[in-house]
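Q: Hey, can you walk me through this structure? I'd like to begin with salt bridges.

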Amino acid sequence: MKLYTRTGDEGKTSVIGGRLDKNHIRVNAYGTLDELNSFVGVAVTKLQDARFEDIRNELVKIQHELFDCGGDLSAVKKDYPFKANADMITFLEESIDEYIKEAPELERFILPGGSEASAAIHVCRTVARRGEREIVALKQEAEINPVVLKYVNRLSDYFFAIARVINYREGVKDVEYERSAIVFRGGKRKENDTE
């Protein structure tokens, strides 16, 4: 099998059940999840220390799930058997709940960064948010597996939670946004955004 096929030389690409322009909204949506998957792979390389074995294993699991989500988004074929399912969302929510307990309480917005690994995860978080916006745009034009949108929404929250835990485990303080008022009262809210 050749790596290059020349079938895309005119700006078209194959999807499940057809062909689309490479700048089609559907291609942008699943392409952003592919980009996100690459950034997650970069983050995994920065988490080789034994302290992060749990997070590293979860991220590899998420890479497979992102591939599933991308496949679901690339399907224009009717009756395609979607792979993304509600169990994937439940896993993220349970993980978020546990990581929130581990990280220090948060009152103000924080800047992306801290340790190198945490900064890499914040990149994942923001790419996930962009992917979410593109999936919403696709959903306005076509039917999609609704689980994918929910999953990517929850995934960005997961990335925020683990970015903070990574800093905590490395002994690096989160950098508070210096002009932030106290926005998370009671110490229960740990997310960086409210989406």
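A: A salt bridge here is a side-chain nitrogen of Lys or Arg within 4 Å of a carboxyl oxygen of Asp or Glu. Asp 54, Glu 102 and Arg 169 are linked in a network of such bridges. Keep in mind that this is a predicted model, where local features need pLDDT of at least 70 and side-chain atom pairs count only at pLDDT 80 or more, while totals for chains, interfaces and linings use all residues. Residues are numbered from 1 along each chain as its sequence is written, and side-chain values use heavy atoms, with hydrogens and water left out.

Q: OK, how many salt bridges does the count come to?

A: The count comes to 13. One of them joins the side chains of Arg 154 and Glu 93, at 2.8 Å from N to O. Arg 154 sits in helix H5 and Glu 93 in helix H3, so this pair ties together parts 61 residues apart in sequence. Helices are DSSP runs (H or I, at least four residues), as are strands (E, at least two), numbered from the N terminus.

Q: What about Asp 157 and Arg 129, how do their side chains meet?

A: In a salt bridge too, at 3.3 Å from N to O. Asp 157 is in helix H5 and Arg 129 in helix H4, so the pair ties together parts 28 residues apart in sequence.

Q: Is Arg 129 buried or exposed?

A: Arg 129 is buried, with a relative accessible area of 5%. Buried means under 20% relative accessible area, exposed over 50%, and partly exposed in between (1.4 Å probe, protein chains only). Asp 157 counts as buried as well, at 12%.

Q: Switching topic: how many residues does the largest nonpolar core have?

A: It has 47, and those with the most contacts inside it include Leu 36, Tyr 151 and Tyr 158. Such a core is a set of buried Ala, Val, Leu, Ile, Met, Phe, Trp, Tyr and Cys residues joined through side-chain atoms within 4.5 Å.

Q: Which helix gives the largest share of this core?

A: H5, with 13 residues.

Q: And what is Tyr 158 in contact with?

A: Contact means heavy atoms within 4.5 Å. Leaving aside neighbours within four places in sequence, the partners of Tyr 158 include Ile 55, Leu 59, Leu 92 and Tyr 99.
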